[in-house]
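Student: I would like a close look at one helix pair, with the cut-offs spelled out. Please keep it brisk.

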Amino acid sequence: MTPITDCNGIPYPIFTTGAVTCAASVDGAKPAGSVFCVKIQLTDEKAALPLPGQFYMLRSEKSQKLLARPISVFHSEKNVHGVEISFLILLKGQGTAELCALEADDRVQVLGPLGNTFPAPSARTAHDGINSAASKNSPAKVLLVGGGIGVAPVAGFAETLADGTYDFIASFKSGSYGIDNIHPERLTITTDDGSVGTKGMVTAALDAQKIRDGGYSAVYTCGPAPMLAYVKKVSEEAGVPCWISMEARMACGVGVCLGCVIPTTEGNLRCCKDGPVFNSKILSFPKPPACIRREPLTQEPDMSVTIKGVRFENPVIGSSGTFGFGTEYASVFDVNRLGGIASKGLTLEPRQGNSGIRVWETPSGLMNSIGLQNPGIPHFIEHELPQMLALKPVAIANLSGSSLDTYVEGAKLLEKTAVPVIELNISCPNVSAGGAAFGMSCSSANTVVSAVRAVTKKPLIVKLTPQSPELIDVAIACIEAGADGISLCNSFQGVAIDVETGRPVFDKIKAGFGGPAVRPIAVRLIYELYEAIHALPKEKHVPIVAIGGIAEWRDVVEFIMAGADAVEVGTNTFANPLTMIECIDGLSDFMKRKGYKTLSEIRGIAH
């Protein structure tokens, strides 16, 4: 079947699956293994050769990410099996990492070809100074400029041009790649470190006068935004049309989600549908926000945190209810590397917890209805607490209760022990009495915190529920009542239904929900809480311990930048028991790379 095209000859996109024929790191790219070439064979009878400048949305069938990734076409050709398309992919995040890890015969979901195209160069005219009739109709010479991974689409475009009818500038930080299939009259390579070609950025090879001297009829470019802004500037100074291939985060690729719009003089235009190729005259490149550049550290950063005089070696704490009493994971990894360990939720009396199903997996999360099963505080004091105190991390006793009296009596018992910190849990969503009921309003929260504060001098961190309609006010009420810190947030409430039986999964209907899916909401709550606390007099400022969907070190950094002093890691420990160790190492590497000596230099900088 002949591929269907629109009135401009542009093929309509199709959604199909393709097979990987080759996937390998690209020679010349530095650092080694940072760029991969992935070739995908499409056998769908509707598959068409893409036009120069177009892209595809790619997603491995084994992907753990929700969205496909937009990748520009580097090379394409027909064969006896259909169409084979080559992509250059920069290893950047998890989505591109999945694509770079593809192997031969892996299946890839493919949507495309998408977007508009690089317009064909105009023909020479008599004023070009060429008199022969043949020359008057030949293509005018053009300049192609690619920066980094942006070399891919312009190199693909170059393959459609006659040899020697264009010059090509390829600019890289280090090394070079993607230029094996091009045949320009003049090839110029620049590298920031001088490893290949001319030392310097694209400015070392291009300015307005060079465009005039080259006699180019147009400039075509793709690359990082600062480079594109410069190429736009010098092209327009030279009076030469400039076509820029842009990139933007996108979800659909076909123009419906409006997530990839870019501002232009013609209004917000869709990068995926109205672009990705735009006339430079309608584009503007805002000046990037200023950032303080720091020299990388040569020594280990100080990641310690102090809460009411108690020093934590680092800000990573095993979250209550997900880490037992610390010893359970001791054979899995070195738990002594953690900053702290919050115990299983403790009540005055032993509890057996809830009946029925207790855990239920959801996309990017886990629901639970444990119901505070625990041995009771007296048993904890005699048996589990000594084991916790024998470990290096700060031991935190998570205190819950079913009534005000049980909270107070439990606090009295813990006050007599050597446990350094109490986390007052007024946020458990899985119990019928007590728990989150105390954290729903300012008055009830103030009452229980005041009562516990009256019977213990230990540092008191109050753990709150995100279900409260007046959450920030509740947090302030806890501070006024004597809280030395706020931990936020405990599980969100959700409902799961078994579609086979038509009945709720959990006996108590509602259950707690946590995991990566809740993190953006938790970050928002921490951000708002930090602002509310810092609106108080300085003597009332207390630390914030962030909880909610932490899966990697970047999540830790995000919470700290939002205002957290420390973090508790919970659900992801079940998915990857090494999560907290990886967070500690990743945070340290980040601080060294960015030149941050202490966490105070990061904390709250997003405000």
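Student: At what angle do the axes of helix H6 and helix H7 cross, and within what distance do they come?

Tutor: First, the ground rules. This is a predicted model, in which local features need pLDDT of at least 70, side-chain atom pairs count only at pLDDT 80 or more, and totals for chains, interfaces and linings use all residues. Residues are numbered from 1 along each chain as its sequence is written, and side-chain values use heavy atoms, with hydrogens and water left out.

Now the pair. Helix H6 covers residues 377-389, and helix H7 covers residues 404-415. Their axes cross at roughly 20° and come within 10 Å. Axes here are lines fitted to C-alpha atoms, for helices over the stretch in contact, and angles run from 0 to 180 degrees between N-to-C directions. Helices are DSSP runs of H or I with at least four residues, strands are runs of E with at least two, and both are numbered from the N terminus. The crossing angle therefore makes H6 roughly parallel to H7. That label applies to angles under 35 degrees; over 145 is roughly antiparallel, 65 to 115 roughly perpendicular, and the rest oblique.

The crossing of H6 with H7 is right-handed.

Next, the residues that touch. H6 brings Ile 377, Pro 378, Phe 380 and Ile 381. H7 answers with Gly 410, Leu 413 and Leu 414. Contact means heavy atoms within 4.5 Å. Six of the residues in this contact are nonpolar, one is polar and none is charged. The nonpolar class is Ala, Val, Leu, Ile, Met, Phe, Trp, Tyr, Cys and Pro; the charged class is Asp, Glu, Lys and Arg; the others, Gly among them, count as polar.

Helix H10 (residues 519-533) packs on helix H11 (residues 553-562) at about 25°, with the axes 8 Å apart. H10 and H11 are therefore roughly parallel as well. On the H10 side, the contact uses Arg 519, Ala 522, Val 523, Ile 526, Tyr 527 and Tyr 530. On the H11 side stand Asp 555, Glu 558, Phe 559 and Ala 562. This contact holds seven nonpolar residues, no polar ones and three charged.

Now the setting. The chain has 13 helices and 32 strands. Its C-alpha atoms fill a box of roughly 100 × 55 × 45 Å along the principal axes. Of the 607 residues, 52% are buried. Buried means under 20% relative accessible area, exposed over 50%, and partly exposed in between, with a 1.4 Å probe and protein chains only. Among contacts with a separation of 6 or more, 65% link residues 24 or more positions apart.

Some backbone details are worth checking. Most residues other than glycine have a negative phi, and most peptide bonds are trans. Lys 30 and Pro 31 are joined by a cis peptide bond, with omega about 0°. Pro 31 sits in the loop between strand E1 (14-25) and E2. The bond from Leu 488 to Cys 489 is also cis, with omega near 10°. Asp 105 is not a glycine, yet its phi is positive, about 80°. At 63% relative accessibility, Asp 105 is exposed.

Notes: A crossing is left-handed if the near helix is turned anticlockwise from the far one by less than a right angle, and right-handed if clockwise.
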